[in-house]
Amino acid sequence: FRPISLQKGLVNEARAIIDPALAQTMLQMLEAAVLPPLGTGTAAQVPNYRVAGKTGTSKIADGARGYAAGRYSSLFAGLVPVSAPRLVGVVVINDPKGKDYY
C-alpha cells in the first residue's frame with residue numbers, strides 16, 4: 001500500500017505516517033468490526049469484497065453547553081478491499097429518526 005495525496009487534480013506521493021505492521025493490524029481490527037457475530041457494521045459487507053470500517057454515534061450539542069435529548073449523529077467510515085485498499089467512504093446521518101439511531 002502506497003499512500004497518495006490528491007490536490008486539485010494532481011497526484012503527489014506521500015510518506016507513511018504509521019508503521020506498516022501497525023497499519024495491517026488496524027485493518028484486521030476494522031475488518032472484524034463488520035463481521036458477525038460481534039461486528040456492529042455488518043450491513044457494510046459487500047459480496048466478493050473484504051470490507052473494513054468503523055461505526056460511530058455521537059450526541060448532538062444543543063448550543064447551551066450540553067447535549068440535545070434524543071438527538072444523535074451516526075456514521076460509518078470504511079474502505080475496500082482490505083487486501084489492497086483503493087476506495088474509502090464515510091456516511092453520516094445527522095439526527096436519524098427511530099429507535100435504531102446507532
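These notebook entries record what I looked up in the structure.

**Model and confidence.** I am working with a predicted model, in which local features need pLDDT of at least 70, side-chain atom pairs count only at pLDDT 80 or more, and totals for chains, interfaces and linings use all residues. Residues are numbered from 1 along each chain as its sequence is written, and side-chain values use heavy atoms, with hydrogens and water left out. I looked up pLDDT, the predictor's confidence in each residue from 0 to 100, and found that the protein chain averages 86, with 86% of the residues scoring at least 70.

**Ser 74.** I located Ser 74 in strand β4, residues 67-80. Ser 74 is buried, at a relative accessible area of 8% (buried is under 20%, exposed over 50%, partly exposed in between, with a 1.4 Å probe and protein chains only). Leaving aside neighbours within four places in sequence, I found Ser 74 in contact (heavy atoms within 4.5 Å) with residues including Gly 56, Val 92 and Tyr 101.

**Glu 31.** I then turned to helix α1, where Glu 31 is found, and noted that Glu 31 counts as buried at 13% relative accessibility. Not counting residues up to four places away in sequence, Glu 31 touches Arg 50, Val 51, Ala 52, Gly 53 and Val 82.

**Ile 17.** I placed Ile 17 in the loop between β2 (10-13) and α1 (20-32), and Ile 17 is exposed, with a relative accessible area of 75%.

Key: Helices (H or I, at least four residues) and strands (E, at least two) are DSSP runs, numbered from the N terminus.
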